Amino acid sequence: MPVLLVMLYLGLVGITVLFVVLVAAYARLRFVSDAPVGIYPFPRYFSLSTIVLLVSSYTISQAKRLYQQDDLSNLVRCLGATLLLSSIFAGLQILGWRELLNQGVLLNGVASGTFIYLISGLHVVHLLGGMLFLLALLLRTIHASRDGVRTLVFIRNPYRRLQLHMITVYWHFIDVLWVVLFAAFLFLY
């Protein structure tokens, strides 16, 4: 197993531990506190962002097939669509935070509100890290797709295959993580 892939898996374990601890702390606070539950409606933008992120998971899953078919032009479209969808997700998260603010759920007010901002914000930060890696891979793919020789070298390079595999694994992990966080928010909000 390549060292970079091992490092990715170890990083995913660390991210999982971080979010498990945060969700557990949030759940404990919700069950211990006497604060009423469900007085504010759940932000609809969080629901929309979940759909957008799931669609981005589908688009990135197509990348492996396109890479194996030596179809760099469609691979560029696929990676670009995933990057666009992730940008839309981040924007919808910001709109969700605005919706929370408009409802009176402040960052420094109720502690459970702080956890919602913190957990969803950390998820967006991890998504942005993936977006940077995705952007770098997209730019390399665009560069390689402009010349037949570069295309051949790009397609046959095991390091590029590994990079594509790593971003796909990371992307699916971030998607599953958000679905779990979204379910926790629905249950605890």
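Of the 189 residues of the protein chain, 46% count as buried; buried means under 20% relative accessible area, exposed over 50%, and partly exposed in between (1.4 Å probe, protein chains only). You are looking at a predicted model, in which local features need pLDDT of at least 70 and side-chain atom pairs count only at pLDDT 80 or more, while totals for chains, interfaces and linings use all residues. Residues are numbered from 1 along each chain as its sequence is written, and side-chain values use heavy atoms, with hydrogens and water left out.

**Exercise 1: The whole chain**

Task: Find how many helices and strands the protein chain has, then describe its surface.

Solution. 
- Step 1. Helices (H or I, at least four residues) and strands (E, at least two) are DSSP runs, numbered from the N terminus. The protein chain has six helices and zero strands, giving the pattern α-α-α-α-α-α along the sequence.
- Step 2. Along the principal axes, the C-alpha atoms fill a box of roughly 65 × 30 × 20 Å.
- Step 3. The protein chain exposes about 9900 Å², with 71% of it supplied by carbon and sulfur atoms. This area comes from the Shrake-Rupley method with a 1.4 Å probe; for residues, only the protein chains shown count as cover.

**Exercise 2: T50 and its partners**

Task: Decide whether T50 is buried or exposed, and work out which residues T50 is in contact with beyond its neighbours within four places in sequence.

Solution. 
- Step 1. Locate T50 in helix α2, residues 44–68.
- Step 2. T50 has a relative accessible area of 8%, so T50 is buried.
- Step 3. Contact means heavy atoms within 4.5 Å. With neighbours within four places in sequence set aside, T50 touches W178, V179 and F182.
- Step 4. The side chains of T50 and W178 also make a polar contact at 2.7 Å. Such a contact is a pair of N or O atoms within 3.5 Å; within protein, one must be able to donate a hydrogen and the other to accept it, and residues adjacent in sequence count only if both atoms are side-chain atoms.

**Exercise 3: Helix α6**

Task: Compare the reach of helix α6 with the expected value, and find how far apart the C-alpha atoms of V176 and S57 are.

Solution. 
- Step 1. The expected span is 1.5 Å times one less than the number of residues. Helix α6 (residues 158–188) has 31 residues and reaches 44 Å from its first C-alpha to its last, close to the expected 45 Å.
- Step 2. At the start of α6, a side-chain oxygen of N157 comes within 2.9 Å of the backbone nitrogen of Y159.
- Step 3. V176 belongs to α6. V176 is exposed because its relative accessible area is 53%.
- Step 4. V176 and S57 are 119 residues apart along the chain, and their C-alpha atoms are separated by 9.4 Å.

**Exercise 4: The end of α2**

Solution. 
- Step 1. α2 has 25 residues and reaches 38 Å from its first C-alpha to its last, close to the 36 Å expected.
- Step 2. D70 lies in the loop between α2 and α3 (72–103).
- Step 3. Most residues other than glycine have a negative phi.
- Step 4. D70 has 35% relative accessibility, so D70 counts as partly exposed.
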